[in-house]
Amino acid sequence: IRDRYQRRVHGGSLDDDAYAARYFEKEGMEFVVAQSFSKTMGLYGERTGCLIMVSKTPEVSSKLLSQVKTIVRPWYSNPPLQGPRIVHYILSHPARRKAWVQELDAMSARIRDMRSQLFAELVKIKTPGDWAFLLRQIGTFFYTGLSVRQCQRLVDKHHVYILETGRLSVAGISSARIPYLAAAIKEVVENA
């Protein structure tokens, strides 16, 4: 099973993202890919995605489909159509698909850039700790490694809204606010 919830968000290319599935298929393996379009198409709350099941025989496919129907049926009988229609509208037309890929590239580059800028600023102001994980993690969120107490101080004192788990949205960071965010993180690391 491979979950593709943030397809393309981490960088690389759509072909890179599809490598494992294509390899499994080429090797004759049976596999399942779950993919959501919530982040890559901005369809949050629309329950838009797909489940791809590849099997060796029609008999196995039939059994898989039967099991999926049994699992899904109690959740909803008529899923919303607007999300899938939007995905189809974009992906079925070459110019729209090309524009979507360009927007994904720009978003992915921005996220990587925010991570790099925040890392550089934390190092520049000598924030205690090793912040290199910012460059190793991928996706639209990162785990800061801050304690619950430090996270609460970020919220209460600096109005940096972070989950108690230390999870922070990279997409919510701007270049203009990185010095403030880094200084706030340094302050809580040193004082909380």
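**Salt bridges and helix packing in a predicted model**

At 11% relative accessibility, Gln150 counts as buried, where buried means under 20% relative accessible area, exposed means over 50%, and partly exposed lies in between (1.4 Å probe, protein chains only). The structure is a predicted model, in which local features need pLDDT of at least 70 and side-chain atom pairs count only at pLDDT 80 or more, while totals for chains, interfaces and linings use all residues. Residues are numbered from 1 along each chain as its sequence is written, and side-chain values use heavy atoms, with hydrogens and water left out.

Gln150 is placed in helix α6; helices (H or I, at least four residues) and strands (E, at least two) are DSSP runs, numbered from the N terminus. With its neighbours within four places in sequence left aside, Gln150 is in contact with Val188, Val189 and Ala192, contact being defined as heavy atoms within 4.5 Å.

The packing of α6 and α7 was examined next. Two packed helices are described by the angle between their axes and the distance between the axes. The axes of α6 and α7 come within 9 Å and cross at roughly 125°; axes are lines fitted to C-alpha atoms, for helices over the stretch in contact, and angles run from 0 to 180 degrees between N-to-C directions. The two helices α6 and α7 are therefore oblique to each other, since angles under 35 degrees count as roughly parallel, over 145 as roughly antiparallel, 65 to 115 as roughly perpendicular and the rest as oblique. The crossing of α6 and α7 is right-handed; a crossing is left-handed if the near helix is turned anticlockwise from the far one by less than a right angle, and right-handed if clockwise. On the α6 side, Gln150, Arg153, Leu154, Lys157 and His158 take part, and they meet Tyr180, Ala184, Ile185, Glu187, Val188, Val189 and Asn191 in α7.

Side chains of opposite charge can pair when their charged atoms come close. A salt bridge is a side-chain nitrogen of Lys or Arg within 4 Å of a carboxyl oxygen of Asp or Glu, and by this rule the count comes to 4 salt bridges. One of them joins Arg153 to Glu187, with the closest N and O atoms 2.4 Å apart. This pair links distant parts of the chain, Arg153 lying in helix α6 (residues 148-158) and Glu187 in helix α7 (residues 178-191), 34 residues apart. Arg153 is partly exposed at 27% relative accessibility, whereas Glu187 is buried at 13%. Glu187 also forms a salt bridge with Lys157 (3.8 Å, N to O). Here too distant parts of the chain are linked, from Lys157 in α6 to Glu187 in α7, 30 residues apart. Lys157 has a relative accessible area of 47% and is partly exposed.

A further salt bridge is found between Lys186 and Glu190 (4.0 Å, N to O). These residues are 4 residues apart in helix α7 and so are separated by about one helical turn. An α-helix has 3.6 residues a turn, so residues three or four places apart point the same way. Both partners are partly exposed, Lys186 at 22% relative accessibility and Glu190 at 45%. Elsewhere, salt bridges that share partners join Arg153, Lys157 and Glu187 into one network.

Helix α4 (residues 94-124) has 31 residues and reaches 44 Å from its first C-alpha to its last, close to the 45 Å expected at 1.5 Å a residue; the expected span is 1.5 Å times one less than the number of residues. Buried residues of α4 include Trp100, Leu104, Ile111 and Leu118. Among the elements that cover the buried residues of α4 are α1 (14-26), α3 (82-91), α5 (133-136), β4 (141-143) and α7. The axes of α3 and α4 come within 6 Å and cross at roughly 100°, which makes α3 roughly perpendicular to α4. Tyr89, Ile90 and Leu91 in α3 meet Arg96, Arg97 and Trp100 in α4.

Just after α4, Lys126 takes a positive phi of about 60°. Thr127 lies in the loop between α4 and α5 and counts as buried at 6% relative accessibility. Residues up to four places away in sequence not being counted, Thr127 touches Leu122, Ala182, Ile185 and Lys186.
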